[in-house]
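Work through the exercises below with the structure open beside you. Try each task before you read its solution.

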There are 2 protein chains.
Amino acid sequence: MKIIFLGTAGTLPTINRNLPSIAIKRKGEILLFDCGEGTQRQMLKAKLGYCNKIFITHMHGDHILGLPGLLQTMSLFQVGFPLKIFGPEGIAKFINDIIKIVKFKLTFPVIIKEISEGKVCKEKEYYIQASWMDHTIPNLGYALIEYERPGKFYPEKAISLGVPEGPLWFSLQHGNEVALANGKIISPRCIVGPPRKGRKIVYSGDTRPCEAISNLAKNADLLIYDTTLDDKLTEKANKFGHSSPSQGATIAKKANVKQLIMTHISGRYNNADLLIHQAQNTFPNTEMAQDLAEFKVLYPK
Amino acid sequence: MKIIFLGTAGTLPTINRNLPSIAIKRKGEILLFDCGEGTQRQMLKAKLGYCNKIFITHMHGDHILGLPGLLQTMSLFQVGFPLKIFGPEGIAKFINDIIKIVKFKLTFPVIIKEISEGKVCKEKEYYIQASWMDHTIPNLGYALIEYERPGKFYPEKAISLGVPEGPLWFSLQHGNEVALANGKIISPRCIVGPPRKGRKIVYSGDTRPCEAISNLAKNADLLIYDTTLDDKLTEKANKFGHSSPSQGATIAKKANVKQLIMTHISGRYNNADLLIHQAQNTFPNTEMAQDLAEFKVLYPK
């Protein structure tokens, strides 16, 4: 699973940072989280294909104004697969209105779901959990949570117990007992290791520190968090519904995440070292998001 | 006067070309022609200030979807001066609707004028002439036309004729006769050269070749013209309301312009040499627009 930062600015673009958008590439599927102005061009620069799902955190312009152009371009290319868009109340009207105003026709199915907190999207191998954060308008944080995978299969054990290669192996690997031709019952525990944990990636969107993000991020492999302003401007950050690096780091520590990546960075910081140092004092495994940077998230050992 | 190309792609952005927008910087004023998605960030990259006037050629998404973000950013910065936006029918509804949808408040005066062809904007030193072109939807081409400036003033002649330095010089330079204290009448012809020509810049927007662009571009210092596809694809270009390099060059020649710059370039051309050669066969003084390239337009001699 790869995280590609398409835009890491807060509120206003800068020369080095585009407006907010994060892509997750997972087994041939591309999930986009937020879609600020210019996202379609950032996707080209990142050599990404078009996305299958888009999750919008909130209805502020800097997080959604890339949607019309992206939808228009995907329509021109007649992408040929459906796109699901999830977001808080207002997202459906925004998309429907803008299509009418700019007068273009969708040439592929777009399914828009206005959602609240909960399991908002269930797939075979993962689901997306949304929680309300604490911003100036309703903002959903999102967690991509992979289900446990079947444990490691030991073929040598299967052979030694007389289980012939084929459908019985598959059945054992998926946790089922099997009966051999000689009537012997084989339990998967004899041949398959314990289930292996999936990965968990959490993105806050715009938020002040709150219980909801600590809960949503619990034991995540990666937390991507809004640290718009540095610690000295914490009060200002919180006033406008954002956080500071130390606040992000405190949440990362409390939630026991493996890694913290800071994003939604104000244009006043040409060099983000200050913010990194402030966060690393509390949570050493912190990095700063940069436009077009990629992070691999491996399966936990 | 400086022309800064902010976006030179046609229809879809590419890695090297943003969506259409051209800035003209003239005596501290910035005029924008079209405002595709990502224009506000291109303005930052070009180290431009915010614009005073925006002229929209037509209501296709690739020419207008940068407006909402730009207006929102200018509102956040409380720019403190009015912005005039000119465009064909639909531009006012587009802006008013999008402000409602994205729910932001303008913090500075925005004056929107829905226009047809004619003199659409008159300033002290120049005016903007608009003409209907031939695209798939109504598209206005624009000419920025400077008025003649007063002729060159020769101070040594003024002194030799006994005109004291001061308000009389100013009056002579602006074409008025003046009376000296001794009753002598001095004509400006004795001291001031003939009026000097202003400059003329023409931008087609999206168009097929048509009489209107040849007329609008007559004797221009610079014609910026839509050459979306190369000569071999002329039929396709025309079908979708665009032109090819040879068609642009033919218009430049017919209209007796000094220089042609081609823009609105399809993403299929990684290297635009082919298009330049095709145009230069007919009109040698042709250049290809590149994002963030600047062109100075000097006063004609």
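## Exercise 1: Ala9 of chain B

B:Ala9 sits in the loop between β1 (2-7) and β2 (21-26) of chain B. The model is predicted.

**Task.** Decide whether B:Ala9 is buried or exposed, and list what B:Ala9 touches beyond four places in sequence.

**Solution.** 
- Step 1. Take the relative accessibility of B:Ala9, which is 0%.
- Step 2. Compare with the cut-off: buried means under 20%. B:Ala9 therefore counts as buried, at 0% relative accessibility.
- Step 3. Leave out residues up to four places away in sequence; B:Ala9 then touches B:Arg17, B:Asn18, B:Pro20, B:His264 and B:Ile265.
- Step 4. B:Ala9 and B:Ile98 are 89 residues apart along the chain, and their C-alpha atoms are separated by 24 Å.

## Exercise 2: Asp34 of chain B

**Task.** Find where B:Asp34 lies. Then state which side chain of opposite charge is nearest to B:Asp34.

**Solution.** 
- Step 1. Locate the residue. B:Asp34 is in the loop between β3 (29-33) and α1 (39-45) of chain B.
- Step 2. Look for a charged partner. The nearest side chain of opposite charge belongs to B:Arg17, 14 Å away.
- Step 3. Apply the cut-off: a salt bridge needs the nitrogen and the carboxyl oxygen within 4 Å. B:Asp34 has no salt bridge, yet is buried.
- Step 4. Look for a polar partner instead. The side chains of B:Asp34 and B:His63 form a polar contact of 2.8 Å.
- Step 5. Apart from neighbours within four places in sequence, B:Asp34 contacts several residues, including B:Ser21, B:Ile22, B:Phe55 and B:Tyr203.

## Exercise 3: His63 of chain B

**Task.** Place B:His63 in the secondary structure. Which side chain does B:His63 join at 3.4 Å?

**Solution.** 
- Step 1. B:His63 belongs to helix α2 of chain B.
- Step 2. B:His63 counts as buried because its relative accessibility is 0%.
- Step 3. The polar contact of 3.4 Å links the side chains of B:His63 and B:His264. Recall the polar contact of 2.8 Å with B:Asp34.
- Step 4. Skip neighbours within four places in sequence. The contacts of B:His63 then include B:Cys35, B:Gly36, B:Asp206 and B:His264.

## Exercise 4: Where the chains meet

**Task.** How much area do they bury between them?

**Solution.** 
- Step 1. Start with area. Chain B and chain A bury about 2,600 Å² between them, with 63% on carbon and sulfur atoms.
- Step 2. Find the main contributors. B:Ile15, B:Glu37 and B:Arg41 lose the most area in chain B, together 25% of what that side buries.
- Step 3. Count residues. Chain B gives 36 residues to the contact, and chain A gives 36 residues.
- Step 4. Count the links. There are zero salt bridges between the chains, but 10 residue pairs are in polar contact.
- Step 5. Assign the helices. On the side of chain B, α1, α2 (61-64), α3 (67-76) and α4 (91-102) each supply at least two residues. The largest share, six residues, is from α1(B).
- Step 6. Sort by type. The side of chain B that touches chain A holds 14 nonpolar, 14 polar and eight charged residues.

## Exercise 5: Chain A as a whole

**Task.** How many helices and strands does chain A have?

**Solution.** 
- Step 1. Chain A has 10 helices and 16 strands.
- Step 2. Of its 301 residues, 58% are buried.

Methods. Residues numbered from 1 in each chain as written. Chains lettered and ligands numbered in written order. Predicted model: local features only at pLDDT ≥ 70, side-chain atom pairs only at ≥ 80, totals over all residues. Heavy atoms only, no water. Helix = DSSP H or I, 4+ residues; strand = E, 2+ residues; numbered from the N terminus. Buried < 20%, exposed > 50% of the residue type's maximum accessible area, 1.4 Å probe, protein only. Lys, Arg positive; Asp, Glu negative; His and termini not counted. Polar contact = N/O pair within 3.5 Å; in protein donor to acceptor, adjacent residues only side chain to side chain. Contact = heavy atoms within 4.5 Å. Buried area = accessible area lost by both parts, 1.4 Å probe. Nonpolar A, V, L, I, M, F, W, Y, C, P; charged D, E, K, R; others polar.
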